[in-house]
Amino acid sequence: MKKTNYRRGIKPARNQKLGSWTTKDVVLNAVTYAINLLIMIFLFVLTVGLTGKDIEAYFENVTSFVHFLILLILTFSVMVFYFLYEDRDFMKNAANTEMLFLIIELSLMISFSFGNYINPYLRPLALVAVLTLFLSNRKTAIFMNVIFCVIIFLFDTFSPVKMFDYGSNYYPALIMCFSSGIIATFCTDKVRSRSTLLLRSVLISVPTIICVGMSLIEHGSSNGPIADLIYGALSGPLAVAIFIVLLPIFEVLFMKVSCFKFSELTDHKAKLIRKMITEAPGTFNHSIVVSNIAEACASAIGEDSLLARTCAYYHDVGKLRRPEYFKENQSDGVDTHKDLTPELSANIIKSHTIDGYNLVLKNGLPREIADVCIQHHGTLPIIYFYDKAKKFTDGEVDLSQYCYPGPKPKTKIAAIIMIADGCEAAARSLQDRSRENVKKVVRKIVNDRMELGQFEDCEITLKEINIIIHTVVNNLTGIYHNRIEYPKVNLDGMEL
């Protein structure tokens, strides 16, 4: 049997277990699916009525409706199996499931309204993909785009309204929906500017324009060829425009945070950032350096760099409660711990993680940031005051009284900020900041944390640790590089 070696404190990702489900989780998800199935059936009946058709006459053909219902249930079943096997933790929270259904239902109604009352090619078919991308991740966005394509195809096929000039063939519309969503997913991923989103939205319209051209060549147009082309070209920008309007609503309803929200939180005009600049300038400057390092590390191992940057900005926000007790905020050599017992000093220092957690949640900031505030020191000992206590005490000193309360980092982002935080502070105190010396200090800090088991609760590998070490060293040597010593020259009497 092959033996796997790894340092204490790091668990292989494959050994991580998914969150356990409770009966409540299963029931909530089942109820969510059942309710949204009924909502989808209601929307279908509503669209039949809004087209001006006689609902009773339409549903006299029960077979057609039964076929629609069976296919819709089958589509829902595919969703269940996908999330059970690919992203069970996401599905565990019924609110996430409801969010996805609400995105689909709103997109269906918006698409029907524009398609039925203005032009079928104006339908914002990429809306599901873009919303899911920014509220979840690219993998989920691609899958939900496929689900939406199937559902809207069912609505087009079984609805009595004839939207397209393809006769009874709706397959080009299915490909148009699928292609638009996939292009939108890859074109808008990692875009951080709304103006850039609108510019790239033109690409989303390309599949629709192609389908318009196919229709014009084969069947002509009942709406006018120029009108169809214009509306087709506007379908992508319309999807992005509606996305920009709906995104803040979804963020509030489902407590999600998009990249735009993170960008707003790192603005120096943000409430807590302004307060740090004014009341704890040393802490703020330290956080800026840590944020640059954390962003680079997250990008290097494929994590969300903007999330890492934002969390780093706020990781020490708890120091606002007593900023004068932290070295970086002390001036003129004043030591506020001089007259305090080591135990009291340690309590003040370690409380900034809990204070930060509470302050972040109190101000309505994302829980991801609050979690990093309380996790970025894990259960590390505060060596300085522990050593000071040993000098003042003849007997044994309880180390646990001089340790941070934890928990240990539970995400790679929290682990990155733990490393970046410790390494920046250590590098700042070095007299010799050569690359070799900085690298030695960084490796020691990381090894100490590994030996103390600080990374045992997060899915981080040795390979990623080594990448982080290399990135931290590069950033620190760039920030604290050696400067030339300027000569002292007397400029008196010189003319410029």
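The questions below concern a predicted model.

Q: What makes helix α7 roughly antiparallel to helix α8?
A: Helix α7 (residues 138-158) and helix α8 (residues 171-188) pack at an angle of about 160 degrees, and their axes are 9 Å apart. Angles over 145 degrees count as roughly antiparallel, and therefore α7 is described in that way relative to α8. The crossing of α7 past α8 is right-handed.

Q: Which residues of α7 and α8 make the contact?
A: On α7 they include R138, A141, I142, F148 and D156, and on α8 they include Y171, L174, F178, G181 and F186.

Q: How do the residues of the contact of α7 with α8 divide into nonpolar, polar and charged?
A: The contact of α7 with α8 has 15 nonpolar, 3 polar and 2 charged residues. Gly is counted among the polar residues, so G181 of α8 is placed in that group. Asp and Arg count as charged, which means that R138 and D156 of α7 belong there.

Q: Which residues touch the most other members of the largest nonpolar core?
A: They are F83 and Y314, in a core of 137 residues. Leaving aside neighbours within four places in sequence, Y314 is in contact with L265, A270, L272, I273, L365, I369 and C373. Core members must be buried, with under 20% relative accessible area.

Q: What share of the residues in the chain is buried?
A: Of the 496 residues in the chain, 48% are buried. The chain has 21 helices and 0 strands.

Terms used: Residues numbered from 1 in each chain as written. Predicted model: local features only at pLDDT ≥ 70, side-chain atom pairs only at ≥ 80, totals over all residues. Heavy atoms only, no water. Axes fitted to C-alpha atoms, helices over the stretch in contact; angles between N-to-C directions. Helix = DSSP H or I, 4+ residues; strand = E, 2+ residues; numbered from the N terminus. Parallel < 35°, antiparallel > 145°, perpendicular 65-115°, else oblique. Left-handed = near helix turned anticlockwise from the far one by under 90°. Contact = heavy atoms within 4.5 Å. Core = buried A, V, L, I, M, F, W, Y, C linked by side-chain atoms within 4.5 Å. Buried < 20%, exposed > 50% of the residue type's maximum accessible area, 1.4 Å probe, protein only.
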